[in-house]
Amino acid sequence: MSDTVLSAEQVESFVEHGYVRIPECFTRADAQPWLDEAWVRLGYDRDDPGTWVERRVHMPSLRHVEVADFAPKVWGAACQLLGGEDRS
């Protein structure tokens with residue numbers, strides 16, 4: 001991964017607004033198993049908002065994946081913004 005994932009404009013936008021958009025950092029196919037599992041754990045029907053009882057639900061994690069493995073562009077951006085991998 002290159003040391004510069006973000007453009008100078010993206011870094012400046014992060015400094016000004018507190019967030020940065022990183023397009024194509026992972027695919028829908030990569031995220032789909034996590035989304036499918038969340039709907040099952042919630043007991044909600046993704047296609048029926050009437051089943052969505054609470055606006056916000058905090059669920060404990062069941063499994064973890066390293067950001068560097070799942071979304072290397074995001075990891076690279078975090079390292080770039082924070083001053084290196086040892087600071088992320």
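Me: Helices (H or I, at least four residues) and strands (E, at least two) are DSSP runs, numbered from the N terminus; with that in mind, where does Cys 25 lie?
Reply: Cys 25 belongs to the loop between α1 and α2. The structure is a predicted model, in which local features need pLDDT of at least 70 and side-chain atom pairs count only at pLDDT 80 or more, while totals for chains, interfaces and linings use all residues. Residues are numbered from 1 along each chain as its sequence is written, and side-chain values use heavy atoms, with hydrogens and water left out.

Me: Why does Cys 25 count as buried?
Reply: Buried means under 20% relative accessible area, exposed over 50%, and partly exposed in between (1.4 Å probe, protein chains only). Cys 25 has a relative accessibility of 17%, so it counts as buried.

Me: Why are the buried residues of helix α4 said to line one face?
Reply: In α4 (residues 72-82) the buried residues are Gly 76, Ala 77 and Cys 79. Seen down the helix axis, they fall within an arc of 165°, so they line one face; the arc is that of the directions from the axis to the C-beta atoms. For Cys 79 the relative accessible area is 11%, which is why it is buried. After α4 comes Gly 83, with a positive phi near 95°.

Me: Why is the pair of Phe 26 and Phe 70 called tilted?
Reply: Rings of Phe, Tyr and Trp (its six-membered ring) pair if their centres lie within 6.5 Å, and planes under 30 degrees apart count as stacked, over 60 as edge-to-face and the rest as tilted. By this rule there are 3 aromatic pairs. The ring centres of Phe 26 and Phe 70 are 5.1 Å apart and their planes stand at 45°, so this pair is tilted. It links distant parts of the chain, since Phe 26 is in the loop between α1 (8-17) and α2 (28-42) and Phe 70 is in helix α3 (residues 67-70), 44 residues apart. Both rings belong to a cluster that ring pairs form from Phe 26, Trp 34 and Phe 70.

Me: What makes Phe 26 and Phe 70 partly exposed?
Reply: Phe 26 has a relative accessible area of 40%, so it is partly exposed, and Phe 70, at 24%, is partly exposed as well.

Me: Why is the pair of Trp 39 and Trp 52 called tilted?
Reply: Their ring centres are 5.5 Å apart and their planes are at 35°, so the pair is tilted. Trp 39 lies in helix α2 and Trp 52 in the loop between α2 and α3, so the pair ties together parts that are 13 residues apart in sequence. Trp 39, at 22% relative accessibility, counts as partly exposed, and so does Trp 52, at 38%.

Me: How do you know whether the protein chain is spread out or a compact globule?
Reply: The chain has 4 helices and 0 strands, in the pattern α-α-α-α. Its radius of gyration is 17 Å, well over the 12 Å that the globule rule gives for 88 residues, so the chain is more spread out than a compact globule; the radius is taken over C-alpha atoms, and the rule is 2.2 Å times the number of residues to the power 0.38. The C-alpha trace spans about 45 × 25 × 20 Å along its principal axes, and 10% of the 88 residues count as buried.
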